[in-house]
Amino acid sequence: MTLAKNGALSLEELAALPGMPSKERLAQGPVVVIECAQEIPCNPCEAACPNGAIKVGEPITNLPVLAEEKCTGCGVCIAACPGQAIFVIDMTYSEEEATVQLPYEFLPLPAKGDLVDGLDREGQKICTARVLRVLNPKKFDRTPVITIAVPKECAMAVRNIAIRR
Amino acid sequence: MRETEFAIVGAGPAGLSAAIEAARAGVQVTLIDENDKPGGQLFKQIHKFFGSKEHYAGVRGIDIGVQLLHEVETCGVEVMLNAVVWGIFADHTLGIIHDHKNLHLKAKKILLATGASENALAFPGWTLPGVMGAGAIQTLVNIHRVLPGRRVLMVGSGNVGLIVSYQLLQAGAEVVAVLEAMPKIGGYGVHASKLRRHGVPILTSTTIKEARGKGKVEEAITIGLDEHWREIPGTEKAYQVDVICLALGLTPLSELAWMAGCQFDYIPQLGGHIPVHDANMETTVNGIYVAGDVSGIEEASTAMEEGKLAGIAVAEALGYLSAAEAACKKEVVLRRLDELRSGPFGGVRKQAKEQLHQQRCSQ
Amino acid sequence: MSPEPEDEVIICRCEEVSRKEILEAIAEGARTVNEVKMRTRAGMGLCQGKTCRRLVSRILAEQTGQPMGEIAPATFRPPVRPVPIGVLASKDDEGQSDAS
Amino acid sequence: MLPDVVVIGGGIVGCACAYYLSREGVRVCLVEKGTIASGTSRAGQSHIVLWEEPDINLQLEKASRDLYEELSEELPFDIEYRRTGSMAIVENPADWEAFARTVRSLQARGLNCQLLQNDDLIRLEPNLAPDLAGGAFFPEDAQVNPILTTLALAQAARERGADIRLFTEVTGIALSDHRVAAVETTAGRIPTARVVDAAGVWSAAIGKMVGVDIPVIPRRGHIIVTEPVPENLIHCKIILAAGYMQTLGATTGVALSANIQQTRSGNLLLGSSRDFAGFDRSVNPAVIQAQAARNLRFLPALADIHVIRTYAGLRPYSPDLVPIIGEADSVKGFYIATGHEGAGITMGPITGKLISEIITGKAPTVPLEPLSLRRFSQRQEED
Amino acid sequence: MRVEEHPILGEMKKPNVVEIEVDGEIIPAIEGEPIAAALLAAGKSIFRYTRKRNEPRGVFCAIGRCTDCMMVVDGIPNVRTCVTPVRAGMKIQTQHGLGEFGGPLS
């Protein structure tokens, strides 16, 4: 499965992206994962980062490059990305769990403490996730950012949630 | 006969941008739109735009619309709404149906910013109620807030098909699949990924074969295609749906440009027959300009820049900007257009546009 | 509803012209969108060909081997939207009509 | 094989010539710079009416209408011919007496028609404006689809061996000793001894190529087409304001008249305007506005009906409103069939028949002298 | 079906609900919305039957271009319902073929 063929990035495609943090950086604490794989004219992520950790430069079709040492995992870039391609992963959250911050423009919004399904890049349920935080300030402009806790092995796979009815 | 300096047909992103640019320079502008609200397709675009800050990146289309309307109001543009331009006639005269009256407006310069219409695909059952254009769905759901069905099959995976599918999910519908006849997804990967994460299958090398139902769509039959776009017997699949949405690309809505006698060139990368125009957006008919989708199918962000170019060019032609002032303003816009037209998606359009400009210059 | 044979598919939704009728017009020698229109009425309905004109061009291209770019679209006539005669006949209060 | 005759023009007149000639076994080549019926023949209305003065026109119309009866049977596809009758209506009481006199004179010449007082008129057509002075009904008039007729004539000619060449423009005509020798076209030279100039509004330009002065100029006419409407809007499918006749003679400004026709597909064709604007075929919105208003005056029920297209066409105007049919005196083999103005559809078949009779040496159905080109030079001499 | 709540557009503003008559049945509609939107919201999908094949048609383009959604509105046939705003008390009929004129012609 590839992005062009069915809409989901394969692991190989992901590994090749300049917006992917290294294993080492992931092990150190919260950091962004930029799943932006095509040269489209777009750079709000660069402008959004307060630490200069994302660089697009000229031309603006360049893929965003992550300067992982500068990234604090603040997550401001998540809602700023029109493609909803940016996530923040914290592998150091606990012994068993990692956290994933993701954009979620749907109703109803989950509440802190809810148990939801963790979905992968193809919408398959792969784990149960616990909602830790729901951020929806005005500056996110109706792109709420949800933080969930998931089993560590799922952190690089969970990219969406489904509310349980 | 009424008169104005600059008549703009269509108050979408291109028309609004041109109006603002020209009016700020001092031009008397009349902006005409057939809808009861200006903004064109912007008010259906509830997603955040790409681009850079100068292109309103990260801002939702609806909010860009509000912003442009505000600017138009503050810079003294005359806006005629519910006004259908029914024809373009000799001496830059427009026939306009407005307020149940037929009036004639003569303008020194005219900008046609009439946008595009959706392409169709004829298959058995495509006339059944429930088969609709993607733009139709977007209008109904995002503007009128009515869902025409619960289960939708999307035909076409260009950006429109992908975005509308996502917006259908946001409005509470189920999208059973997105079909794409080509072996590759047509639109941006990020749009496709947003859908995939919600479990929507995107089926490449697959097309719609038939719509079935009694009185309205109840079932859609799809079929796989080989590398020569031939149907592969035995690959038919049935989906129970109540809406089949067609997102098969756009064609410039160029009737007025044809009527005005503009020369056209066939450029498939830009959506078909395109009025030949120069870097000022002026067509082969003196004083008639085009901008936005009518001058080649692109995006709202490029449409806004093209509108600005036309606005500047008209202000210059009417003597409101000196050549130097205009050149300076155009340079900024052209640089931004260049940015939008780079990369694997935009580069093709850049080449096509350059081909058109050269043609205009060689005449 | 049973499947329609492919050629019974409607091409012009307004005038209900089928693909078969368009193929017949081409077989009788029609080579332009205008000729197909004159023979079959495809594009002569209320929408004035807004939906079918491209489909007709495509069928012409596929049947005659002409490239799409060489198939001239049908002639475009005002009004671009249907207008009631009473409205078309009305005069602008502010401007003076200059007929006659 | 070389053609016996080259017909220039693929409108109704040219196609009728090709049809009647090929029916007589004459080898015809028809050249057309566009496609069949792409000029005047597609830009008019649908009537075949028999009340145009002077007398020679009435004769042509009568003969042509009879030919239509045959053509509707013998042509390869339906030309939507039907005998609908036509109606002339008079707006003002002041014009009634003069109109009644004209109708009585037509009756005296054997034309089947009847006068209608206001109440008769409204009984027949309840949707007409109630205040009209009256009118007349002509039961033998008919209607046809001009485009389909032209296409069918071309098709029938082709089936009888005619060679029809589209997108072929005539660039010159070669003479040899004051006789036609060949036709030069954008697609090559066609040697022939006979040419028929059926080029309508362009017939004068063709005449010029051989030094023949044909006094035909284009006269513009606008048409408004509505959406299809139910049959009960108007019962008689051709309703013309009696003022139509006066507009024919107008030489300045825009002459307007109401002319309402419903075609077989249900659409209304609303005429008519006449003005001289050279070869400009563009629509004048002010004329459309006035024309719509003029028709609305007679049929107020039109108000809510939608217009779906408008267009302007050029009609080949001859100064005395009589067509020019016959061989030129100064160039042997150069035949003229033009100048029908708004009666091309009505008179197309008889024109084709006459040309075929002239070329094959048969006795003409209608006397030819009043149709000759020579009548214009004679008139000048008389002046 | 109305989209009452929406993650981007928010909650629907309190609409001015009026009544319109559709084939004799009274349905609620929002003043100013296109007739077509009101009918779809009420679950009506067939707007007319065609003249030649008598086939059902509904909304296709929704922006006044294709003319598929035509109905008889207050006695006038061929009204594009997708661009004609609702007014209280409108009488709307499914159009059959060319439709019937409800005015002076009937």
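A salt bridge here is a side-chain nitrogen of Lys or Arg within 4 Å of a carboxyl oxygen of Asp or Glu. Keep that rule handy for these exercises on a predicted model, where local features need pLDDT of at least 70, side-chain atom pairs count only at pLDDT 80 or more, and totals for chains, interfaces and linings use all residues. Residues are numbered from 1 along each chain as its sequence is written, chains are lettered from A and ligands numbered from 1 in the order in which they are written, and side-chain values use heavy atoms, with hydrogens and water left out.

**Exercise 1. Check the predictor's scores.**

Task: Find the ipTM and pTM of the complex, then look up the mean pLDDT of chain D.

Solution: 
- Start with the complex: the predictor gives an ipTM of 0.92 and a pTM of 0.94.
- Next, pLDDT is the predictor's confidence in each residue, from 0 to 100.
- For chain D the mean pLDDT is 94, and 98% of its residues reach 70 or more.

**Exercise 2. Describe the interface of chains A and B.**

Task: Which chains share the most contacts, and which salt bridge does B:Arg196 form?

Solution: 
- Contact means heavy atoms within 4.5 Å. Eight pairs of chains are in contact, and A and B share the most contacts.
- On the chain A side 38 residues take part, meeting 37 residues of chain B.
- Now the buried area, which is the accessible area (1.4 Å probe) that two parts lose on being put together, summed over both. Chains A and B bury about 3,100 Å² between them, with 51% of it on carbon and sulfur atoms.
- Four salt bridges turn up across this interface. B:Arg196 pairs with A:Glu122, with the closest N and O atoms 3.1 Å apart.
- Salt bridges with shared partners also tie A:Glu105, A:Asp141, A:Arg142, B:Arg60 and B:Asp63 into one network.
- As a contrast, chain A has no contact with chain C, their closest C-alpha atoms lying 27 Å apart. Chain A doesn't touch chain D either, and there the nearest C-alpha atoms are 42 Å apart.

**Exercise 3. Look around helix H5 of chain B.**

Task: How many residues of helix H5 (residues 189–196) of chain B are buried, and what covers them?

Solution: 
- Helices (H or I, at least four residues) and strands (E, at least two) are DSSP runs, numbered from the N terminus.
- Buried means under 20% relative accessible area, exposed over 50%, and partly exposed in between (1.4 Å probe, protein chains only).
- By that rule, eight of the eight residues in H5 of chain B are buried, including B:Lys194 and B:Arg196.
- The cover includes helix H1 (3–6) of chain A, along with helix H4 (159–170), strand E10 (174–180) and strand E11 (202–204) of chain B.
- A charge sits over a ring if NZ of Lys or CZ of Arg is within 6 Å of the ring centre and within 35 degrees of the ring normal. B:Lys194 passes, with its charged end over the ring of B:Tyr166, 4.3 Å from the centre.

**Exercise 4. Classify two ring pairs.**

Task: Decide whether B:Trp258 and C:Phe76 are stacked, tilted or edge-to-face, and do likewise for A:Tyr104 and A:Phe106.

Solution: 
- Rings of Phe, Tyr and Trp (its six-membered ring) pair if their centres lie within 6.5 Å; planes under 30 degrees apart count as stacked, over 60 as edge-to-face and the rest as tilted.
- That rule gives 13 aromatic pairs over all chains.
- A:Tyr104 and A:Phe106 have ring centres 5.5 Å apart and planes at 50°, so this pair is tilted. Both residues are buried.
- For B:Trp258 and C:Phe76 the centres are 5.7 Å apart and the planes at 15°, so that pair is stacked.
- B:Trp258 lies in helix H6 (residues 255–259) of chain B, and C:Phe76 in the loop between helix H3 (53–64) and strand E3 (83–84) of chain C, so the pair joins two chains.
- B:Trp258 is partly exposed at 24%, whereas C:Phe76 is buried at 13%.
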